[in-house]
Amino acid sequence: MTLEIVSPEATLFKGEITSITLPGVDGSFQILNQHAPIVSILKEGDVKIVANNFDFGKEVGHRFVKIDNNTYTLSINSGTIEMKDNKVIVLAD
């Protein structure tokens, strides 16, 4: 599935991922390939991204924390998520 993370300053990530775990207002939840359409509000916490390949630009790479070769996290203050047609869009603050 495709993930795009956008902040007011820049596009932080765009690429193919295996899964994403997000800090929802009613608790953490995970989205996998072919997940049903969803729109949700996010609260402060860590977004956990699992992918086979990561390509961050120099200007935003410092915002991500490497957990292992296939996993990175990104701390957010709030945001929204939309999953539709196997594409996840995160608007992060």
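Analyst: The model discussed here is a predicted one.

User: Of the contacts between residues at least 6 apart in sequence, what share joins residues at least 24 apart?

Analyst: Contact here means heavy atoms within 4.5 Å. Among the contacts in the chain between residues at least 6 apart in sequence, the share that joins residues at least 24 apart is 54%.

User: Which residue of β2 stands opposite Val6?

Analyst: Strand β1, residues 2-6, pairs with strand β2, residues 11-16, in the antiparallel sense over five bridges. A hairpin of four residues joins β1 to β2. The residue of β2 that stands opposite Val6 is Thr11.

User: In which sense do β1 and β10 pair, parallel or antiparallel?

Analyst: In this pairing Ile5 stands opposite Val90 in β10. Five bridges join β1 and β10, and the sense of the pairing is parallel.

User: Which residue takes a positive phi in the hairpin of β9 and β10?

Analyst: Strand β9, residues 79-84, runs antiparallel to β10 and is joined to β10 by six bridges, with Lys84 standing opposite Lys87 in β10. The hairpin has two residues between the strands, and the one with a positive phi, near 55°, is Asp85.

User: Which residues form the covered face of strand β10?

Analyst: In a regular strand the side chains alternate between the two faces of the sheet. In strand β10, residues 87-92, the uncovered face holds Lys87, Ile89 and Leu91, whereas the covered face consists of Val88, Val90 and Ala92.

User: Does Thr73 count as buried or exposed?

Analyst: Thr73 lies in strand β8, residues 71-76. Leaving aside residues up to four places away in sequence, Thr73 touches Asp46, Val47, Lys48, Arg63, Phe64, Val65 and Ile67. Buried means under 20% relative accessible area, and because Thr73 has a relative accessibility of 13%, it counts as buried.

User: What distance separates the C-alpha atoms of Phe54 and Lys14?

Analyst: Phe54 is placed in the loop between β6 (45-50) and β7 (64-68), and it counts as buried at 16% relative accessibility. Its contacts, not counting residues up to four places away in sequence, are with Phe13, Ile49, Asn69, Asn70, Thr71 and Tyr72. Phe54 and Lys14 are 40 residues apart along the chain, and the separation of their C-alpha atoms is 9.1 Å.

User: How far apart do the centres of the positive and negative side chains lie?

Analyst: The accessible surface of the chain comes to about 5400 Å², with 48% of this belonging to carbon and sulfur atoms. The chain has 8 positive and 12 negative side chains, and the distance between the centres of the two sets is 3 Å.

How values were computed. Residues are numbered from 1 along each chain as its sequence is written. This is a predicted model: local features need pLDDT of at least 70, side-chain atom pairs count only at pLDDT 80 or more; totals for chains, interfaces and linings use all residues. Side-chain values use heavy atoms; hydrogens and water are left out. Accessible areas come from the Shrake-Rupley method with a 1.4 Å probe; for residues, only the protein chains shown count as cover. Lys and Arg count as positive and Asp and Glu as negative; His and the chain ends are not counted. The place of a charge is taken as NZ of Lys, CZ of Arg, CG of Asp or CD of Glu. Two strands pair if DSSP finds at least two bridges between them. Buried means under 20% relative accessible area, exposed over 50%, partly exposed in between (1.4 Å probe, protein chains only).
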